[in-house]
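Hi there,

Here is the structure I promised to pass along. Please have a look at it first; my notes follow below.

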Amino acid sequence: MTQRTHFQLFIDGIWTEGSAGQVMTSQNPATGEDWASFACAAPDDVDRAIAAARRALSDPAWRDISQTARGKLLSRLADLVEKNAARLGEIETTDSGKLLAETASQTAYVADYYRYYAGLADKIEGAVLPIDKPDMHVFTRREPIGVVVAIVPWNAQMFLTATKLGPALAAGCTVVLKASEIAPAPMLEFARLIEQAGFPPGVVSVITGDAENCAIPLTRHPDVDRIAFTGGPETARHVVRNSAENFAVTTLELGGKSPILVFDDADLEGAANGLIAGNFGASGQSCVAGSRGLIHRPILEALIAKIEEKMQSVVVGDPLDAGTHIGPLCTGAQIAKIETTLAAAKEQAAKIRFGGERLDHPGNYMAPTLVECPNPNIETLKVEMFGPVMSLLPFDTEEEAIALANETEFGLGSGVFTENLARAHRVSSRLKAGICWVNTYRAVSPIAPFGGYGQSGYGREAGLEAIQDYTRTKTTWINTSDTPMANPFVMR
């Protein structure tokens, strides 16, 4: 029997087991076998990590270094991430089942997120205010918000870590990263790069564990100033309730049922590729999955035929194999949810054009599936399944397409395929979503804000404005007059 890899927690610059001795195992989704074990944090470990972060805020080693020096530390981390991208990608693929081609390339690109925020570190500026009172010099400065708890899911760990850790460290905060107890190995391995980059002890700790022993005490902790959470809406509700205990500033990046609108003037090749990318890319395990394809009725059959043709050459298999296009799902529970949802859709008269079944293969493999929906009430158009299921629904007019797209409690991503520039602007402006891709899909950049509306959460990650969310504004008033302060009972 092959010996399992074991991962420890990284708290206050020290590698350690959890104080309660709790250990979990991680399963390789491609084989169904346990491949690694990892230490789990107990409430005592949470207290230690938060205490270390609080101490580091006041430690001259972090508090007093220049903003430029903080940027250089982030640049060093970026270089380490890029250098180790292949190794981190292989660990993430083994742990989560995502394609190595994506995990390795995404991790390499994530280095640019750290470089982007490294460049912003010494550009966090205050202002001198043109105040409406004589003999007063008034200015603002932005200070670190404090101790940040960053909670990251398993499905895009390095990317979703960078969108939180990059701006937090650039702003001078300290961070406790909480990895999902599902497939946490790449985050725990990433902690080695944080250590190598030279951040002072306590500035960044990386832990994982279950809800009761780790997540709940972490989000309720009185010394937490900010919570950045990515995950599902139900868990987010618990996070928000917990934050009522500490009044931590909270941002939420949640799930979605993103629409992709394809009009009859669209390039069919591009539209088919966009729908495949939005539904089968990352095996459908993406918060911005475009799982509601809204198709202009005159081109529905032609577009389905194009998708079917392209899917004939798609390979479902080992995620470590460079020739694989779709790998396994991370957990068996995802497949069970898909099977239940598809069964309900078939009862509602939906038509399965291809796929629809679990594959007879070791591991968590689901056949890529296309569902043709006769009306907007089909279950697959409503449930976020986090798997390779594409649902297509026809529309007849632009107004109908927009109404169908906005008929959801979510609002994260959206897509529009059309060759009509006026229509592209008109439709994209009316979609209730935080992101709209036109004639492309699933593109990201450190320069572009990422976030949603409604049940998809609030706040933005990446982009210039994200760094402001990790600061507080302090206003300083200086009396420049030689005259002593006058009547103390009158507001000036």
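Threonine 250 counts as buried, because its relative accessibility is 13%, under the 20% cut-off. Please keep in mind that this is a predicted model. Threonine 250 belongs to strand 12, which covers residues 249-253. A polar atom of the threonine 250 side chain lies 3.0 Å from the backbone oxygen of alanine 248. If you set aside the neighbours within four places in sequence, the contacts of threonine 250 are Ile227, Val239, Ser243 and Tyr458.

You will find alanine 349 in the loop between helix 12 (332-347) and strand 15 (351-354). Its C-alpha atom is separated by 9.2 Å from that of asparagine 375, a residue 26 places away along the chain.

I also looked at a helix pair. Helix 13 (residues 398-405) and helix 14 (residues 421-430) have axes that come within 10 Å and cross at roughly 30°. Angles under 35 degrees count as roughly parallel, so helix 13 is roughly parallel to helix 14. The crossing of helix 13 with helix 14 is right-handed. On the helix 13 side, the contact is made by Glu398, Glu399 and Ile402, and on the helix 14 side by Arg423, Arg426, Val427 and Arg430. By type, the residues of this contact are 5 charged and 2 nonpolar, with no polar ones.

Happy to hear your thoughts once you have had a look.

Best wishes

How values were computed
Residues are numbered from 1 along each chain as its sequence is written. This is a predicted model: local features need pLDDT of at least 70, side-chain atom pairs count only at pLDDT 80 or more; totals for chains, interfaces and linings use all residues. Side-chain values use heavy atoms; hydrogens and water are left out. Axes are lines fitted to C-alpha atoms, for helices over the stretch in contact, and angles run from 0 to 180 degrees between N-to-C directions. Helices (H or I, at least four residues) and strands (E, at least two) are DSSP runs, numbered from the N terminus. Angles under 35 degrees count as roughly parallel, over 145 as roughly antiparallel, 65 to 115 as roughly perpendicular and the rest as oblique. A crossing is left-handed if the near helix is turned anticlockwise from the far one by less than a right angle, and right-handed if clockwise. Contact means heavy atoms within 4.5 Å. Ala, Val, Leu, Ile, Met, Phe, Trp, Tyr, Cys and Pro count as nonpolar, Asp, Glu, Lys and Arg as charged, and the others, Gly among them, as polar. Buried means under 20% relative accessible area, exposed over 50%, partly exposed in between (1.4 Å probe, protein chains only). A polar contact is a pair of N or O atoms within 3.5 Å; within protein, one must be able to donate a hydrogen and the other to accept it, and residues adjacent in sequence count only if both atoms are side-chain atoms.
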